[in-house]
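Student: I would like a close look at one part of this model, namely its charged pairs. Please take them in order and say where they sit.

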Amino acid sequence: MTCESAAEPAWRSYGVRRRSTTAVRLRVSAALVAVTVLAVLLVPPLVRLDQQTVDLGSKLLPPGWAHPFGTDDLGRDLLLRCVYGLRISLLVGVAAALVATVIGTAVGATAGALGGWVDQGVMRVVDTIASVPHLLLGIFIVAMFRPGVWPVVVSVALTHWLSTARIVRAEVLSLRSRPYIDAAVSGGASRWRVAVRHLLPAVLPRAALAAVLMVPHAMWHESALSFLGLGLPTHMASLGNLVQGGRSSLLAGQWWPTLFPGLFIIVPTLAVAGLAGAWRERIDPRRRSELML
Amino acid sequence: MLELRDITAGYDREAPVVRDASLTVARGEAIGLLGPSGCGKSTLARVAALLHRPESGTVLLDGEPVRRWRHRAPRGLRTAVGVVFQQPRLSADPRLRLADLIAEPLRATGRRDEIPQRVAELAPAVGLTRDLLDRRPHEVSDGQLQRACLARALVLRPRWLVCDEMTAMLDASTTAALVAAVEDYRAATGAGLLAVGHDHTLLRRWCDRVLRWQEVTGRIPPATPGLPRTSGPQQPADVPPAGDR
């Protein structure tokens, strides 16, 4: 047995192990994402319990049979609160990632396809915006509106489209000089037609991947804003609000109102990131890397 | 007449690839342009197809000077010159089926109604069978893809055809079939041809007149960098073998 494994070339066993860890990571991530999505979609209609029900008699109960995650300082069931919070966080994350990807793709494709001074100008604007810390910029944007879901989506989207714009621009620049674009131009295609028919379809897979990779970012950003009290109003509590709400009881030794919402932020976002990472390795096997978040 | 006069072109203003190149392709004439790898033939071919703006010099199509290039060139002038490139893999949009690849110029110029008829005419002319037309570029061979690229170049009935090393990647029988397809088209329409390449045997058989790079630019092409003359072929590629001289 030992003899056989010693005879195995080192690169080979390394490759096999590497592939299997990738496969395990992919399966675990996919399972977690599936559980998350199912929970978010099915729990609210199936479990006819009101997450807002206040029961002051059972406030701050530790995790137990009746309340698996315990209760908060108003006696509300934390498991239910977390599922509803995840629902809001996921909604905001996905919506913000979609909006950011649309903006980023449009800007990046325009800059890359037009080139010249338009490209230079647009990319300097992108650099300028990127040089301001995301959270600070996000706070400015949120502060301009009344609290609600859409201001948060806008705030996250407007601070996160920059990386997509850079990726799409780089991709378009590399495609633009391919002979098939020359052939299309020679065949009478207008600039618009080249962009829409030949360039955009080629960058869409990359943009879609960027969108999925952005979902965890957007969820974290939303949680941070909510934690700071600038995000969603408390009646539509997101995970960030829940962590913020649990903070006051943390020093009194009640850890569950902070821990469980925190886990609900971390685990689904890592699962989405793991799934996107596996996808990236599939479409771009040359650029193997660890989860680049 | 497709005329290139004193063309200087390149990708860096400081170091142009092509200097003072001049050549003329009359209607119905086939011109071969021979030059070693890296001398600037492809750049000159791109200029002739209005795909690259030269630093200086004039391009005239039937006496009409070209003032704008690439997308900005008037569509009528751009489509008057058909191009076929060396690498079919890079010159075909990987998402289009071969039939769509061939029809794409008709779509781009708003002549959709001609598509079925033109594709049905051109596919047999370049030797593509019906089942190949439904495949995508990654499902066909280089030779089959280059046939489709030639059909795409011919679909708008250009008055000139620029073939930039069209057959360099292909075997002899495909080369013969593609050259025959070009010649059939030229016989039917009287189009001019600029065939760029380094295969002097092929170009001398194919073209009415073969120009060597130094005849076009008035200077000896530079040696390929990094390839000492002693280790490569003893003869520069554009010098014909003794028997052919």
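How many salt bridges does a search of the whole structure find over all chains?

Tutor: The model is a predicted one, and a search of it finds 26 salt bridges over all chains. In general, side chains of opposite charge can pair when their charged atoms come close.

Chain A comes first. A:Arg206 forms a salt bridge with A:Glu171, and their closest N and O atoms are 3.4 Å apart. This pair links distant parts of the chain, since A:Arg206 belongs to helix 8 of chain A and A:Glu171 to helix 6 (residues 149-176) of chain A, 35 residues apart. A:Arg206 counts as buried because its relative accessibility is 19%, and the limit for buried is under 20%.

Helix 8 (residues 191-227) of chain A also holds A:Ser226. A:Ser226 has a relative accessibility of 1%, so it counts as buried. Its side chain reaches the backbone nitrogen of A:Leu232 at 3.5 Å. Leaving aside residues up to four places away in sequence, A:Ser226 touches A:Gly231, A:Leu232, A:Ser238, A:Gly240 and A:Asn241.

Next is chain B. B:Arg13 forms a salt bridge with B:Glu55, with 3.2 Å between the closest N and O atoms. Here too the pair links distant parts of the chain, 42 residues apart: B:Arg13 is in the loop between strand 1 (2-9) and strand 2 (18-25) of chain B, and B:Glu55 is in the loop between helix 1 (41-48) and strand 4 (56-61) of chain B. B:Arg13 is exposed because its relative accessible area is 67%. B:Glu55, at 30% relative accessibility, counts as partly exposed.

Another pair in chain B is B:Arg111 with B:Glu114, a salt bridge whose closest N and O atoms are 3.2 Å apart. The relative accessible area of B:Arg111 is 26%, so this residue is partly exposed. B:Glu114 counts as partly exposed as well, at 23% relative accessibility. Elsewhere, B:Arg97, B:Asp100, B:Arg107 and B:Asp134 are joined into one network by salt bridges that share partners.

Five of its five residues are buried, so strand 3 of chain B is largely enclosed by the rest of the structure. B:Ala30, B:Gly32 and B:Leu34 point one way from the strand, while B:Ile31 and B:Leu33 point the other way. Strand 3 of chain B runs parallel to strand 8 (residues 192-197) of chain B, joined by five bridges.

Methods. Residues numbered from 1 in each chain as written. Chains lettered and ligands numbered in written order. Predicted model: local features only at pLDDT ≥ 70, side-chain atom pairs only at ≥ 80, totals over all residues. Heavy atoms only, no water. Buried < 20%, exposed > 50% of the residue type's maximum accessible area, 1.4 Å probe, protein only. Helix = DSSP H or I, 4+ residues; strand = E, 2+ residues; numbered from the N terminus. Pairing = 2+ DSSP bridges. Polar contact = N/O pair within 3.5 Å; in protein donor to acceptor, adjacent residues only side chain to side chain. Contact = heavy atoms within 4.5 Å. Salt bridge = Lys/Arg side-chain N within 4 Å of Asp/Glu carboxyl O.
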